[in-house]
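Entries follow in the order I checked them.

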Amino acid sequence: MIPLVLNAESDAEAPFVTRLASRRSADPRESFCLSSTPTQSLWCGMEGLFTLAHPMDALTGDVVLVDPSARRAERLLRAGSPHNSLLVTEQCDQLCVMCSQPPKKTHRDRFEHFETACRLAEQGSVIGITGGEPTLHMGPLLAMIERLLADRPDLGFHILSNGQHFDAANTARLAGRLRTNIVWGIPLYAADAPLHDHIVGKPGAFERLIASFAHLLVAGARIELRTVMLEDNLDALAGLARFVAHNLPHIEQWSLMGLENIGFARRRWDALHVDLRARFAPVGNALDQASLYGVPVRLFNIPLCHIPPEFRDYAVASISDWKQRFAPACEGCAARANCAGFFEWHPDHLVEKVVPL
Amino acid sequence: MPGALDYLILVPTLRCNLACSYCQVSRAAIDARGHDWSSATLAGVEALVGGLTGPEVKIEFQGGEPTLRPDLIRAVIDAVPAEIQAQFIICTNLQTLNDEAMALFDRDDVQISTSLDGPLAVHSRQRQVDAGEAKGFHANLRTLLARYGPGKISALPTINPLSPPDPEQLIDSFAELGLDSIYLRPINYQGFARKRHPASRVNGDQWLAYHAAFVRRLIARNWIDRSRVLEESYFSLLLRRIFRPGEDRHVDLRNPNPIGRDYIVVDHDGCVYPTDEARMLTRAGIIDLSIGDIHAGWDTPERAALEAAATNDGDPACEACAYQPYCGRDIIDDIARYGRIDLPREETDFCRRHLYLFDLAFELIHSDDPAVQYSLRRWLGLAGETGALAAP
Ligand code: SF4
Ligand code: SF4
């Protein structure tokens, strides 16, 4: 597992963002390395000297947020990684049964640091925005991205949102400069309101979500629809496929996703988790129904050997590098390079159940 | 609505080394002069191609026999801006293979399209070549299939609807070459060809029954031999249009059918046509359907007039028809057959053909025969082996 948060020491007075450069540069936003051991590196920048509990080689090019009083540094944008994401808030107004990042009441506003970091991002980066629920802070969020795109039109953003906060007042803005550079990743768990509401833990959520889709449609926003496959909605997936085909044909992609054993899902694993090796039929049916009507659909977070051969083309090697792992037996597998593998925190006894291809 | 121009059919030369009985293009003799693009026409095409805005384009070279002018093909390929994802299709009779043509075929972005009329005897009869020449074609086709595999090559049978070959034999002649897609396309004789085949104006019930029998044969064969999936491409297109609104890239079947926008044909003399069929009608001297030329452009009153009529919206027969959302409007076909576009729709060959095929499609979609469902699922590109298509 790649560490995202490092122990750090710095005498700076306030948290700061900097890019870790291999050499001294003229750019005041960059820091350069003075010395490095296998466990620690010493850096020098505008905010003085600071140490990071990690070797230089692994960090060069990263954009970090150093927090002196907390004595830690967050690797906000790791060099060369397609999986960078910024957690803008831990607040949320839903309470999903399998939430991987259970919400907190308070909000720490870090938009300023995120904006600085994004300006330092590699050309053409797509930066994830997650939470909590980012659109609880819709105004500052959109304003930040608008400012960024004015200077960095090469950047793209993928924002995970529960879709409870879009209304007519947003549409003109979303249809403007933001439209092409943001993909909204929005979850929908069933075509049936009570089931969806039950899964997201909020009465009326389905209805509000459908209203949001109408506003997003008017704005021409790009949407990735996301559905985590759970014991609760497995048999409703084919119906959801038809619902998407008939009501949301303008989406860019429908992502069917395997469950992550973290957050609430950890406690409820046995009740929520579906073993697709034994029960793929409802998923296959949903994939077929979606494809039949031309909905672009993909399968995420499922190892290839857990998918029947004829459906493997739908699978995406999706699990982010920093939280991906494989079983020892995977070493000999011909499909390993194209395989999602498992989440780092997937139960050990399940990870062992691989069948090298 | 269609986007920018992203499909071009180019005719760099009208000359050909064959004289097929059905040839619709009023071909020119192999050594005729003045039937290739002039340098001004080439410059116009290069400018057009160089100005494409992408992100993708398909460019099909037809003739005549386009491989007689590999230099023109290369010039067009070189003119496509680097950032555009381009695919080239060279339509050739494969009568001869020379090094220059092979060098073009070797490119990863080039596909080869040819005509295969079925068994050797049929092929040589229709092409008016002797058995030796027909063998030459077959040998060349096999050479290319061996070199590239079937993925790079498509073959279209050209079928005389009045005496179609035995379906089983036709399927065999494709299958044995590793070609899985067969596009059953009855010849629509025009000009030169109509003089020889006067009875061909309307495809009668006999042809429709043939098409249906052919589709059923494919279903039976696919069920027996699961190792490969044979399809009739036009029927697959119909199926996709039933389930996938917006599957609108086939200019013979879409509604509305925009004219001269995303798709054009540039003839050997620089004239621009909305479709290849329109070009043939014009060449045959039946009616001038050109919409402009490569130099002056084609945003003309002629284009607008054709486009205004190219829809089935508002047509009394179509508005009352259950298949309207999947069907299309092909005014060029009406002009070709009847010289007019105002016949009651249900009296047209286009309508009869589509009504029949959509009837067949829906009958099959609702069939509970597993063999039928198996083939339909493959033709629609579904992964699951089984399961009924009709919504529960
Ligand atoms: S054996 Fe490992 S690498 Fe191969 S498909 Fe299974 S999980 Fe993926
Ligand atoms: S089948 Fe005939 S009536 Fe029906 S939509 Fe097509 S052309 Fe019109």
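**Entry 1: the end of a helix.** I started just past α5(A), where A:Gly201 takes a positive phi of about 65°. This is a predicted model, so I read every value as computed from it. I then went back into the helix itself, residues 193-200 of chain A. Which of its residues are buried? I found A:Leu195, A:His196, A:Asp197, A:Ile199 and A:Val200. I looked for their cover next. It includes β11 (182-187) and α6 (205-219) of chain A.

Entry 2: Is A:Asn181 buried or exposed? Its relative accessibility is 17%. The cut-off for buried is under 20%, so A:Asn181 counts as buried. I listed its contacts, leaving aside neighbours within four places in sequence. They are A:Leu149, A:Pro153, A:Leu155, A:Gly156 and A:Phe157. I also checked A:Asn181 against A:Arg222, 41 residues along the chain. Their C-alpha atoms are separated by 8.6 Å.

Entry 3: I moved to A:Ile262, in the loop between β13 (253-257) and α8 (264-267) of chain A. Its relative accessible area is 22%. What does A:Ile262 touch, beyond residues up to four places away in sequence? I noted A:Met98, A:Cys99, A:Ser100 and A:Trp345. A:Ala53 is 209 residues from A:Ile262 in sequence and 26 Å from it in space.

Entry 4: A:Arg71 is not a glycine, yet its phi is positive, about 55°. It sits in the loop between β6 (63-67) and β7 (72-77) of chain A. With a relative accessible area of 49%, A:Arg71 is partly exposed.

In chain B I turned to B:Leu94. Its phi is also positive at about 55°, and it is not a glycine. The loop here runs between β3 (85-91) and α3 (99-105) of chain B. Where does B:Leu94 stand on accessibility, buried or exposed? B:Leu94 is buried, at 0% relative accessibility.

**Entry 5: cis peptide bonds in chain B.** I checked omega at two places. The bond from B:Gly63 to B:Gly64 is cis, with omega near 10°. B:Gly64 belongs to the loop between β2 (56-61) and α2 (70-79) of chain B. The bond from B:Asn255 to B:Pro256 is cis too, with omega near -10°. I placed B:Pro256 in the loop between α9 (233-243) and β10 (263-266) of chain B.

**Entry 6: chain A as a whole.** I counted 11 helices and 17 strands in chain A. The radius of gyration is 21 Å, close to the 21 Å from the globule rule for 357 residues, so chain A is as compact as a globular protein of that length. Along the principal axes, its C-alpha atoms fill a box of roughly 60 × 55 × 35 Å. Buried residues make up 53% of the chain. I then took the contacts between residues at least 6 apart in sequence; 67% of these join residues at least 24 apart. Chain A exposes about 15500 Å², with 52% supplied by carbon and sulfur atoms. For charges, I compared the mean positions of 34 positive and 40 negative ones. They lie 1 Å apart.

**Entry 7: the recorded domain.** I checked UniProt for chain A. An unreviewed entry places "domain: Radical SAM core" at residues 78-296. How much of residues 78-296 is helix, and how much strand? The stretch is 39% helix and 14% strand. Its end C-alpha atoms are 30 Å apart.

**Entry 8: chain B as a whole.** Of its 392 residues, 57% count as buried. Among contacts with a separation of 6 or more, 68% come from residues 24 or more positions apart. The accessible surface of chain B is about 16000 Å², and carbon and sulfur atoms hold 52% of it.

Notes
Residues numbered from 1 in each chain as written. Chains lettered and ligands numbered in written order. Predicted model: local features only at pLDDT ≥ 70, side-chain atom pairs only at ≥ 80, totals over all residues. Heavy atoms only, no water. Helix = DSSP H or I, 4+ residues; strand = E, 2+ residues; numbered from the N terminus. Rg over C-alpha atoms; globule rule 2.2 N^0.38 Å. Buried < 20%, exposed > 50% of the residue type's maximum accessible area, 1.4 Å probe, protein only. Contact = heavy atoms within 4.5 Å. Areas by Shrake-Rupley, 256 points an atom, 1.4 Å probe, with all protein chains shown as cover. Lys, Arg positive; Asp, Glu negative; His and termini not counted. Charge placed at Lys NZ, Arg CZ, Asp CG, Glu CD. UniProt positions renumbered as here; feature names shortened; annotations may be inferred.
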